Structure formats: C-alpha cells, structure tokens
Protein chains: 4
Amino acid sequence: MIVAMQEQATEEQIQHVTERMMELGFKVHRTTGAVQTILAGVGTPTAFDVKDFQVMDGVAEAYRITSPYKLAGRGFRPEGTVIRFKNGVTIGNSEAVVMAGPCSVENREQIFTAAEQVKAAGAKFLRGGAFKPRSSPYSFQGLGLEGLKLLREVGETTGLLIISEVMEISQIELMMPYVDVFQVGARNMQNFNLLRELGQVRKPVLLKRGIAATMEELLLSAEYILSGGNYEVMLCERGIRTFETYTRNTMDISAIPVLKKLSHLPVLGDPSHGVGLRDKVPAMARAAIAAGADGLLIEVHPNPEKAVSDGAQTLFPEQFAKLMQELRLIATAIGRSIA
Amino acid sequence: MIVAMQEQATEEQIQHVTERMMELGFKVHRTTGAVQTILAGVGTPTAFDVKDFQVMDGVAEAYRITSPYKLAGRGFRPEGTVIRFKNGVTIGNSEAVVMAGPCSVENREQIFTAAEQVKAAGAKFLRGGAFKPRSSPYSFQGLGLEGLKLLREVGETTGLLIISEVMEISQIELMMPYVDVFQVGARNMQNFNLLRELGQVRKPVLLKRGIAATMEELLLSAEYILSGGNYEVMLCERGIRTFETYTRNTMDISAIPVLKKLSHLPVLGDPSHGVGLRDKVPAMARAAIAAGADGLLIEVHPNPEKAVSDGAQTLFPEQFAKLMQELRLIATAIGRSIA
Amino acid sequence: MIVAMQEQATEEQIQHVTERMMELGFKVHRTTGAVQTILAGVGTPTAFDVKDFQVMDGVAEAYRITSPYKLAGRGFRPEGTVIRFKNGVTIGNSEAVVMAGPCSVENREQIFTAAEQVKAAGAKFLRGGAFKPRSSPYSFQGLGLEGLKLLREVGETTGLLIISEVMEISQIELMMPYVDVFQVGARNMQNFNLLRELGQVRKPVLLKRGIAATMEELLLSAEYILSGGNYEVMLCERGIRTFETYTRNTMDISAIPVLKKLSHLPVLGDPSHGVGLRDKVPAMARAAIAAGADGLLIEVHPNPEKAVSDGAQTLFPEQFAKLMQELRLIATAIGRSIA
Amino acid sequence: MIVAMQEQATEEQIQHVTERMMELGFKVHRTTGAVQTILAGVGTPTAFDVKDFQVMDGVAEAYRITSPYKLAGRGFRPEGTVIRFKNGVTIGNSEAVVMAGPCSVENREQIFTAAEQVKAAGAKFLRGGAFKPRSSPYSFQGLGLEGLKLLREVGETTGLLIISEVMEISQIELMMPYVDVFQVGARNMQNFNLLRELGQVRKPVLLKRGIAATMEELLLSAEYILSGGNYEVMLCERGIRTFETYTRNTMDISAIPVLKKLSHLPVLGDPSHGVGLRDKVPAMARAAIAAGADGLLIEVHPNPEKAVSDGAQTLFPEQFAKLMQELRLIATAIGRSIA
C-alpha cells in the first residue's frame with residue numbers, strides 16, 4: 001500500500017497513519033519530499049480496506065498496490081487454465097468452443113430440435129435454462145427438474161455437453177447429475193454464499209460478469225470459487241449497463257483481452273445478452289472471437305418468435321449456421337480454430 | 001401495448017404483428033396514418049416481452065404501456081403504506097425514522113456502546129450485520145448466530161428495534177427470532193429465490209436498490225415479496241454505480257421523490273453506502289430528508305477507525321448526534337418530524 | 001508520482017522507468033521490498049501523463065499524487081472565493097443565492113412577467129437563454145441579440161442580475177454589455193478555446209459540469225478560465241448521465257460537498273436540468289441546499305406548458321414561490337440564509 | 001406521437017392533451033380501451049418535445065414515434081453513402097479504410113517517419129493533430145498552422161490523404177487548404193455552432209461520438225452538418241464512459257452495427273481512444289472490423305514512449321504492421337477487403 005500525505009500534513013498525522021499501517025502488518029518506508037511525505041507499506045496483509053486510509057486526517061491519497069485476488073490472477077498459473085471434458089472437448093486451448101441453445105428448456109420437441117440444429121452447425125455444448133431468473137414474478141420461471149432431465153437425455157443422445165444455470169444453493173445437488181457446467185448468471189455474480197458452495201463441487205463453473213461489475217469484482221467472485229478448491233472456472237462477458245438504451249446492454253468487448261491478461265481463466269463472450277437484439281448478435285459474436293474469446297454462449301431456438309423467453313435476442317437456426325462459418329474464418333485469422 | 005410500424009411496412013407484416021398481439025390476449029385497435037400504421041393493444045396479459053415485438057419485421061417501435069408491477073404500484077394503495085412496529089414506531093407516516101449502528105456486529109462491548117450512542121441521539125432502530133456480503137473471500141464475514149443473539153439482547157435492553165441483513169434462504173428461519181426487519185442488500189436485489197421466500201414470512205423487509213437497478217426493476221423485485229403476501233416492504237436508495245469514482249457510489253437522491261410517486265411503499269435513504277466517505281455522509285443524509293425520505297440508514301461506530309468493515313463511511317458518535325439535530329430542523333421545514 | 005513495479009520486474013525495467021521519471025523532472029526515491037520495488041517521484045513537473053507509465057514493461061501500477069489543477073484547488077484560497085456584484089449580492093458567503101427564470105427568452109411580455117414573479121419570490125438573478133444549444137437543428141435556437149437586449153432592460157427595471165449562456169467565442173464580446181454572469185453549458189464544459197477566451201474577460205463565469213465529467217475534469221476546465229486571470233468562477237452541478245432513464249439526468253448531489261472540499265470556488269445546483277421533471281424539481285432544490293450549495297439555478301416560466309423549450313422541467317410561478325419558503329427554512333437549519 | 005393516458009384520467013385531461021397535440025399540428029386518433037385511453041398523433045410536426053406531454057396531468061406515458069433526424073436516417077439513402085476522394089479512395093464501400101498516425105504532429109522528422117510507416121503497412125490516410133483539445137491547460141496544445149503545413153507536405157509526398165481535428169469555427173478556413181477530412185472530436189460532438197459551420201463547407205467530416213452520447217444524439221449532431229448541405233459525413237465510435245475504469249473508455253462495438261442500420265453514413269471505429277491501452281488496441285481494432293466497421297482510426301508513432309500525447313494508447317510501427325495483416329484476413333471473412 002502507498003499513502004501520500006497532504007502537503008500540510010502534520011508530523012502527528014504522519015505518525016498516526018504509520019502506526020495504523022504497522023498494525024495491519026506492513027513494514028513502512030517513508031519518503032520525505034520537498035512537498036509531501038509518502039509512506040510505502042511493504043508486505044502482504046491478507047485483507048484491509050484502502051478506503052480506511054483515504055479518510056484519515058492528513059492523507060491526500062491511498063492506493064492498494066497488490067491485487068486483492070490471488071488464485072484468479074494470471075501470476076498463479078501463467079500458462080493459462082485449460083478445462084477438459086470427458087469427450088475430449090477443451091476450453092482455454094487454441095480451439096474456441098461454442099455453446100448454443102434456447103434460453104429456456106420448454107418441452108421435449110423444442111430442446112431436441114434445438115440440440116440437433118446447433119450440433120449440426122458446430123456447437124459443442126447445449127445451453128438451456130431449467131431454473132430461470134426473471135425480473136417479474138409473473139414471467140415463466142422454468143421447468144425445473146423436468147427440464148434438467150430433458151437436458152441430460154438430449155446430451156446423451158447427441159453427445160453435446162450440457163450447461164445450465166444454477167440460481168440457489170439447494171439446486172446444486174439437484175443439478176449435479178444433469179449438467180456438465182454450472183452457469184452462474186450475472187445477477188448472482190455476488191451471491192457469495194452460492195459461490196462458496198460452488199467452490200466445494202468438482203465440476204466446472206461458468207461465471208458471468210454482473211452488469212455493473214468491474215474486472216476486479218469479477219475476479220474476486222471467481223476467487224470465492226477457486227479458494228474452495230474448484231479451479232475449473234470460466235469467466236463470461238455478457239454486457240454491462242451503461243447510459244445507452246438502444247441495446248439491452250453494452251457488450252464490453254475489451255473485457256476479453258483485459259481479463260485474458262489479468263487472469264489465467266478462460267474467457268467467453270455472450271453476444272445474445274450482450275446486445276439483446278437478434279440482428280446485432282452475429283456482429284458481436286464475430287467481434288468477440290476477433291478479440292480473442294475462448295468461446296461463445298449463443299441463444300438459438302427452432303422458432304425464436306415463439307420462444308417463452310429472450311426471443312428477441314435469439315438466433316434462427318439458419319442464422320446460427322451462417323454465423324459459425326464466419327467465426328471459423330475469423331478464428332483462423334488470429335491463429336485459432338473453431339470446430 | 002403500442003406497436004408503431006415502419007413507414008414502409010407491408011400489409012403482411014402488419015397482419016403478422018396483429019396476430020401475435022391477439023395470441024397474447026390483446027384486442028388490437030389499428031390507426032392508419034398518412035405515414036405509418038399504429039397498432040394499439042388493449043387488455044392486460046399477465047406477462048409478455050415487448051422486445052419480442054421490437055425485432056419483428058416491419059416494426060419501428062414497440063412500447064409497453066401498463067407497468068409490469070401491480071402490487072408495488074401507487075395505484076394499489078394510493079394513501080401509502082404505513083408499517084407499524086410493536087413499540088409504536090411507524091414508518092411511512094409524517095415522522096421520519098433513523099436506523100443507525102455499525103456495519104458489522106463485532107463484539108458485545110462494541111454493539112452495546114453503539115446502541116446507547118445512537119439511541120441517545122434519537123435513532124429508533126439499531127442496524128448491525130451478522131452475515132456480511134464481502135467482495136473478497138478473505139475479508140471478515142460476520143459473527144453469524146452469535147451476532148444475532150447480541151443484537152436481540154441489546155434490542156431488549158435499549159428498546160431499539162433491530163434490522164440486519166439476510167443473504168441466503170437458510171438464514172431466514174435462523175434470523176426470525178432475532179430481528180424486527182430483514183434487510184436485503186443491493187447485491188441480492190435480484191436474488192429472486194430469496195425474495196420469494198421473504199414473501200412467505202410475516203415480518204417487514206427493507207429492500208435495497210441494486211447499484212445498477214432501474215426504478216422499475218426495484219419495484220419488480222418488491223413485487224416478488226408482495227406477491228407472496230408480505231406487504232410490509234420498504235425501499236431503500238443507497239447509491240448507484242456511475243462513471244464517477246471520487247465517491248463510492250452516486251447516491252441518486254431523485255430516486256426518493258420518484259419512488260414515492262410510483263409506489264405506495266415507504267422509501268428510505270442510506271447515505272453511508274450512497275457516498276462512502278465519512279465527511280460527506282451528513283450532507284447526503286440532510287439531502288435525503290429534504291427530498292422527502294421516510295427514513296435513513298446510517299453507519300455509526302464507537303470508533304470508526306477500528307471498525308472491521310466500512311470504517312471509511314462510518315460516522316463518529318458525536319458527528320451522528322450533531323447530524324440528528326440538523327435533520328430535525330430540515331424535517332420540520334417540509335412539514336415532517338424526527339424524534 | 002508513484003510507480004509500483006511488478007513482482008517479477010527486471011532491474012533493466014526498473015532502470016528504464018527511473019530514467020523516464022528523471023527526464024520529466026522527478027527526483028526518484030526507490031523502495032525495494034521483499035515482493036516488489038516502488039519508485040516515488042518527488043517534484044512537480046508541470047504536465048505529464050501517468051498512463052504513459054502504466055503501459056511500460058514491468059510496471060504494475062502508476063499513480064499521480066499531486067492534483068493536476070492548481071488554481072482551482074482549495075489550497076490556493078483556503079478561505080473560499082466570494083464573488084461580489086454591483087448591487088451588493090455575493091455568492092460564496094453564508095447566504096445562498098437563487099437564479100431563476102425561463103429556459104429561453106421568448107418575448108418581451110414573457111420575460112418581464114417571469115422577472116417580476118421570480119423577484120417577488122426572492123430570486124436575485126434572472127436566467128434566460130438568448131443563444132440556445134439544441135440537440136436538434138430543427139428546434140428553436142433562441143432570439144440572439146434581441147433576447148440579450150430584453151434581458152438587460154428587464155434587469156435594469158427590476159434590479160435583478162442577469163445570467164445567460166455563451167456558446168461560442170464570437171458571442172463573448174456581443175454579450176459583454178448585457179449580462180452579469182456568463183453561463184457555460186454542460187456541452188461546452190470542455191470547449192477549451194471558449195474557456196480560454198473567458199479567462200481573458202473580467203466578468204464572472206458559471207461553469208456547468210458536463211454530463212459525463214468527473215470532478216477532476218470539471219476543475220481542470222475551471223483551471224482554463226482561472227489561468228487566464230479570471231478568478232470569478234462558479235461551479236454548477238446539473239445532473240450526470242447514468243443508466244437510469246426515468247429522470248432526464250441523475251443529479252449528483254454529492255458533487256456539492258465534494259467540490260466544496262476540493263475547491264475554493266462557489267458551488268451551485270441546477271435541479272431543473274438535474275432531474276428534468278417539474279414535480280421532482282422542488283425535492284432536488286431542497287436537497288441541494290441541504291447538502292450545502294451556495295446557490296441554485298431554477299427554470300420558472302409564467303406558463304410552462306407553452307414554453308418553447310424545457311417546459312417539462314420548468315416550475316409554475318406559484319410552485320417556485322412555495323419552494324422558496326421551504327428553502328429558507330432548510331438554509332436556516334444548516335446555519336445559512338436565503339433572502 | 002403516442003400518448004397513453006392514466007387509467008384514472010378525466011375526460012377534461014384527455015381533451016387538454018388532445019388540444020395541445022392539435023396545436024402542434026397532429027391529427028389525433030383516439031382509442032378508448034376498457035382500462036385506458038390512447039391518443040395517436042398522426043403527422044410530422046418539425047420539432048416538439050415529447051417530455052412536455054409526459055408531465056401533463058393524466059398522462060401515463062408519451063412516446064415520439066418518428067425519429068427526430070431525417071437526413072441522417074437510413075431511409076434517406078437506403079443504399080448507403082459512399083465518400084469518394086481525389087485519389088480514388090472510397091469510404092462506405094466494401095473496402096474498409098485505415099487512417100493511422102500520431103496523436104499530435106510534433107516535428108518534421110516524426111510526421112514523415114510515421115507517414116512512411118503507416119503507408120507501408122496499408123493505411124490510406126494519415127492522422128495527426130495540429131490543434132489539440134487537452135483536459136489540462138498546462139498540456140501541449142499542438143503546433144497549429146505549422147503542423148497543418150507539415151501534414152499537407154507529407155500528404156503530397158506520400159500520397160496519403162490527411163485527416164486532422166478542427167476545434168473551433170475560426171480554424172475551419174485556416175485548415176481548409178491542408179486537410180482532406182475535418183475531424184470533430186468527441187468533446188465537440190454537441191458544439192452546434194461548429195457543426196453548423198461545417199455544414200457549409202464542401203469537404204468530408206468525421207464526427208466522433210461523444211463519451212456520453214446516445215445513438216440518437218450522434219445522429220442529430222450529424223443532422224446539423226447534413227442540413228447545411230454537406231452530405232459527406234462519417235460517424236466514428238471511440239468509446240463511451242462507463243463505470244469501468246480499467247480501460248480509458250468502454251468501446252461500444254455494438255454501435256457499429258446499430259449505426260449501420262439506423263443511418264446511411266459510413267461508420268468507423270477508433271480503438272486507440274476506445275480502449276486507451278496499447279496492448280489492447282489490436283484486439284479492439286479486429287473486433288471493430290469483424291463487427292462491420294467501414295474503417296478505423298489508429299494512433300501509431302515511430303516511438304510511442306516519447307510521444308508528447310496519448311503515448312499509452314499508441315502502437316509501435318511493427319505492431320501496426322502485424323495488425324494490418326490480421327485485419328485483412330478478418331475483412332475477407334465477412335466479404336470485405338482492406339488494401
């Protein structure tokens with residue numbers, strides 16, 4: 001930590017700050033300049049709040065130097081994390097992986113049709129919600145266990161891996177036999193109790209960035225899972241909330257190269273939620289791959305106009321097939337591949 | 001719902017949109033102007049997504065007219081909701097109520113001292129966290145049940161009502177005997193499973209606005225609780241996330257008059273989280289009362305510099321006492337009172 | 001400036017950074033910790049970009065310590081700036097000053113009526129636009145010189161001081177005889193050529209914060225005016241752009257205490273633009289005064305429903321008169337006054 | 001325009017709204033439903049403010065249906081605008097065009113070296129600032145006329161077209177002989193006097209989106225130029241201001257497909273300002289091309305570490321050359337080309 005004292009700080013104030021730093025476990029190096037005094041705290045106390053120093057008398061600025069996450073940082077595993085699945089699919093390697101399917105599992109025919117369509121186009125994962133977080137209590141809330149069973153059955157039939165969202169601690173055990181990846185939605189990115197429990201399971205987790213979460217907060221949320229011993233975490237950019245309302249969210253494409261630098265974890269993009277408008281989804285999917293994403297999460301439905309949820313941002317199967325062709329060429333342009 | 005077709009929309013497109021509206025249960029009135037056709041959907045289908053229409057071919061704009069929440073709207077109870085507590089304290093009346101205390105319950109001495117200090121200054125509620133949502137897994141996570149017991153004990157001793165945060169469904173039953181108000185934090189504003197469970201209890205809930213939540217989303221989250229039959233909900237503005245980083249959040253004081261107009265529920269302000277800097281908290285507390293808040297939630301600690309959490313935004317007891325004097329005068333200026 | 005090197009930074013990288021710091025005029029103090037090296041740059045080079053260091057190899061973080069503005073900082077005039085007008089009105093003293101009037105000068109009758117109404121209620125300044133910055137080229141653009149003449153005439157008649165917006169360098173000389181304060185609108189907060197010219201005049205300037213401007217940027221824009229020798233600058237918070245769309249802008253009330261601490265310049269609030277909705281303007285005006293504003297800018301029109309611009313956020317004269325009564329009581333509550 | 005009345009609106013209120021709509025020139029169609037009355041205003045008054053209706057008594061919601069811009073809308077020129085330059089270069093065609101060069105013109109050697117480097121890699125335009133908008137009055141403000149002359153000379157020598165920023169009306173005539181495209185910076189996007197003057201010249205204008213500007217505001221600013229008769233306008237996304245501070249701005253890649261749909265004007269991307277960090281610029285440049293941008297504006301300097309401005313976001317020449325190779329492949333993937 002660095003504390004820069006105000007120009008007019010008194011010696012007493014400097015001593016008071018120095019003592020608080022030492023109480024936290026820092027060794028303090030003092031630099032006295034012509035204008036102001038700077039206190040450099042050396043050492044790595046586990047947890048402290050730099051804001052406590054910012055409001056102390058005589059302090060001009062206080063900065064945390066070391067990042068507050070450890071296991072999620074690139075330095076923990078410089079070569080990058082690769083997550084391997086039973087059927088040989090990997091995430092975090094040179095091949096970018098596409099996860100596709102409807103927002104919600106609606107019925108047997110819908111999910112089987114969707115699965116065949118996305119598989120034919122090259123997807124490796126089927127996505128589909130069984131438990132749905134809906135802003136309104138009056139909206140469709142998902143099929144629950146019945147939906148999970150359908151997902152597993154279609155996964156067995158097609159060979160697609162299954163990803164589905166977990167919203168609540170009690171759902172973890174219920175979902176365990178049915179999914180290959182637990183998805184944590186943006187609204188639960190800081191549901192710390194849920195994250196801590198997911199640190200105890202031994203199954204990959206895809207953690208979506210909250211709509212108002214900084215990079216650091218996303219990595220701290222990942223740290224909750226990693227610190228429980230579950231190292232198979234993927235990060236996912238899915239749009240942040242800004243002043244612009246034309247799009248549902250503003251997909252922060254720059255989060256992809258930023259997170260790849262800060263962390264060793266694979267980074268995916270979700271253009272469907274990122275932009276929220278069907279005809280803009282392909283452009284954003286291409287942008288995410290061009291920016292270096294390790295994979296994509298895309299909503300596809302046999303008939304988006306009849307989808308029970310998120311229809312406006314869901315691709316028609318033929319749009320998805322065409323997009324996959326473009327994505328393959330773009331992946332090649334930057335030395336990667338898509339199956 | 002209103003759908004404005006594009007100028008060049010074809011008759012076929014207009015028919016297609018009309019049919020979809022009728023399928024949802026709308027009666028459709030068509031206005032054909034010189035330039036464009038407008039379709040007015042009359043009726044109140046329970047749930048539909050206006051975005052599904054925005055992306056349909058030939059559509060220029062689509063608007064939802066009726067608000068998506070019912071029970072939380074001002075129209076449901078035009079006279080306003082008043083929440084009454086056992087000791088005669090009410091929230092939602094002409095008297096504004098102040099809830100104060102430390103961020104976290106730390107130990108017996110700390111919480112008893114804090115309680116006496118805030119009571120002496122005029123607070124009616126003691127706040128204090130037993131379960132703490134912390135961005136970092138390495139930060140203090142709260143005393144848990146022990147903290148709840150201390151809160152109840154100090155409540156009995158001082159006559160202060162108790163408010164404390166619930167983070168997880170399993171904590172509801174645990175907390176039930178110890179608290180007078182369940183607080184739902186900003187990060188859990190869209191933890192819909194938790195909200196639904198809180199709809200089943202018969203104890204008031206204070207629901208904080210998420211840092212990136214619109215007014216409508218906040219009211220829809222309140223609707224989750226109300227629709228379960230728990231009508232004793234208070235809303236709380238505690239700062240939103242904007243581009244400005246000087247303050248921890250940007251406290252949206254205008255949310256107070258806006259929510260008072262849109263909803264019958266009492267509206268409180270939390271200047272401590274709203275601004276995050278001790279020396280700015282009094283100004284924001286005064287602003288919230290001047291803008292019509294039904295109450296305040298303020299962090300006060302016997303020694304903020306030694307607080308285990310949120311110290312930088314916590315008032316010294318003497319600052320709080322002085323603030324309460326100012327608040328009384330401001331309340332009077334707008335025809336209200338503070339005890 | 002402080003540069004914290006990465007843990008794995010090489011000696012060569014540390015030397016390279018040190019040299020660049022010295023080239024800029026810093027004396028460099030080096031602290032070598034067990035984990036990382038910290039370089040403290042002592043001295044005050046006039047201008048440098050801390051981001052240049054953030055991207056250098058081996059650098060973890062780089063911070064500017066001294067604020068980039070000098071004349072606008074509180075330290076330059078700790079006792080605060082008071083601006084005095086010919087008729088004895090002062091801004092920056094214990095009395096808060098209200099400036100009121102229509103968005104645009106429309107015609108003789110309108111502006112005379114408005115002037116009498118706001119004067120009767122206690123305003124000291126008449127506001128009114130002669131040159132209007134309008135988002136659309138098809139909207140009313142102001143009466144220009146004719147409007148200025150009307151303002152001066154009504155000012156002479158009523159004794160009200162005149163404030164009006166300057167949009168362009170060529171308007172400065174034109175406006176000089178007619179106004180008592182030049183208003184710089186939010187859209188021109190970073191029109192640096194205009195600011196520089198305003199530094200050359202000897203008449204007060206009210207500088208509005210841009211809708212996406214940080215505190216630091218606002219103070220740097222003030223610095224452009226101050227560094228030209230014009231020290232009579234007022235700052236004005238008028239709402240920032242956030243994700244919330246219910247209100248026109250989000251009025252950042254916390255900017256008032258923050259700017260009062262960072263700077264010696266008087267700080268006003270503009271609740272009309274801040275919230276954009278007539279029925280919420282009084283609550284925000286009260287909040288601004290409660291938070292310590294040195295004055296207010298409020299839109300009032302004899303008949304807001306017929307106003308050619310900004311009608312939705314303009315008060316009826318009787319609303320304004322009632323508001324002034326409340327403001328007087330609130331000012332008193334915090335030891336200030338309003339005439 | 002559509003006005004949806006409140007459920008409890010009185011007949012008198014409905015009449016009052018109807019009359020105001022008719023005064024503006026609308027023909028009003030009334031739909032009376034079981035729950036509420038809807039008033040559809042048919043016709044196209046040149047300018048009105050929908051907010052004036054939102055605050056009228058009895059009104060629930062009011063929506064503008066027709067877009068407030070005419071000439072900038074896609075409907076005005078459905079086939080899209082192509083801007084042609086003397087040497088055969090076009091913007092808005094299948095070929096994407098890259099404009100590159102240093103932030104500021106610093107001296108003869110620097111700008112000639114930069115020009116040769118970017119030309120060799122495939123750029124068609126040289127960018128370089130002669131007048132610099134700087135947040136601080138103490139930063140380098142540009143070489144002015146001398147810089148313009150150097151730009152023209154290097155343009156003649158290399159065959160590169162020249163783009164440079166205009167900040168002020170008086171600079172237009174001065175710059176006219178020296179530049180091929182006038183660049184309007186983000187801070188001047190709503191400097192309406194400047195825009196109006198640029199509508200009078202017959203030279204292309206590149207208009208950057210303000211950091212807090214919506215799509216609609218950007219198109220209205222373009223409308224200012226177009227309505228003066230200058231139809232050669234390009235739009236440029238260069239990052240918006242959000243809560244995220246890791247990057248300088250958040251580059252809104254989705255603005256590219258959105259603007260391409262709403263408008264016929266060419267759309268470029270500026271990844272240098274968009275992300276502000278050199279090592280992330282290539283990823284964002286690739287993303288912009290993948291999303292369909294008609295061109296890019298990229299900062300390149302012979303020695304970025306010694307650049308007088310924007311060094312942190314400026315590419316080394318060899319980074320730029322490598323990037324151009326990738327961009328060519330990505331352009332091909334979506335059926336376009338880059339020279």
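**Helix pairs**

I started inside chain B, where H3(B) and H11(B) run roughly parallel to each other, since angles under 35 degrees count that way. A caveat for everything below: this is a predicted model.

I looked up the numbers for that pair. H3 spans residues 108-121 and H11 spans residues 317-333 of chain B, and the two pack at an angle of about 25° with axes 9 Å apart. Their crossing comes out right-handed.

Next I asked which residues of H3(B) and H11(B) make the contact. From H3(B) I noted B:Gln117, B:Val118 and B:Ala121. H11(B) brings B:Pro317, B:Phe320, B:Ala321, B:Met324 and B:Arg328. Sorted by class, the H3(B) and H11(B) contact has six nonpolar residues, one polar and one charged.

H11(B) also has a partner across the chain boundary. Its axis comes within 9 Å of the axis of helix H11 (residues 317-333) of chain C, and the two cross at roughly 170°. That makes H11(B) and H11(C) roughly antiparallel, the cut-off being over 145 degrees.

I listed who meets whom there. H11(B) puts in B:Glu326, B:Leu329, B:Ile330 and B:Ala333, and these meet C:Glu326, C:Leu329, C:Ile330 and C:Ala333 of H11(C). The class tally for H11(B) with H11(C) is six nonpolar, no polar and two charged residues.

Then I went to the H10 helices of chains B and C. Helix H10 (residues 281-290) of chain B packs against helix H10 (residues 281-290) of chain C at about 155°, with the axes 8 Å apart. H10(B) and H10(C) are therefore roughly antiparallel too. I have their crossing down as right-handed.

On the chain B side of the H10 pair I wrote down B:Ala283, B:Arg286, B:Ala287 and B:Ala290. They meet C:Ala283, C:Arg286, C:Ala287 and C:Ala290. By class, H10(B) with H10(C) gives six nonpolar, no polar and two charged residues.

**Chain contacts**

How much area do chain B and chain A bury between them? I got about 4000 Å², with 51% of it on carbon and sulfur atoms. B:Val55, B:Tyr138 and B:Glu305 supply 15% of the area that chain B buries against chain A, more than any other three residues. The contact takes 48 residues from chain B and 48 residues from chain A.

**Salt bridges**

I wanted to know how many salt bridges sit between chain B and chain A. The count is four. One I looked at joins B:Arg241 to A:Glu217, with the closest N and O atoms 2.6 Å apart. For the interface of chain A and chain C I found zero salt bridges.

Over all chains, my search of the whole structure turned up 84 salt bridges. I picked A:Asp180 and A:Lys86, whose side chains meet in a salt bridge at 3.2 Å, N to O. This pair links distant parts of the chain, 94 residues apart. A:Asp180 is in the loop between helix H5 (169-175) and strand E10 (181-184) of chain A. A:Lys86 is in the loop between strand E5 (83-84) and strand E6 (90-91) of chain A.

Definitions and conventions:
Residues numbered from 1 in each chain as written. Chains lettered and ligands numbered in written order. Predicted model: local features only at pLDDT ≥ 70, side-chain atom pairs only at ≥ 80, totals over all residues. Heavy atoms only, no water. Axes fitted to C-alpha atoms, helices over the stretch in contact; angles between N-to-C directions. Helix = DSSP H or I, 4+ residues; strand = E, 2+ residues; numbered from the N terminus. Parallel < 35°, antiparallel > 145°, perpendicular 65-115°, else oblique. Left-handed = near helix turned anticlockwise from the far one by under 90°. Contact = heavy atoms within 4.5 Å. Nonpolar A, V, L, I, M, F, W, Y, C, P; charged D, E, K, R; others polar. Buried area = accessible area lost by both parts, 1.4 Å probe.
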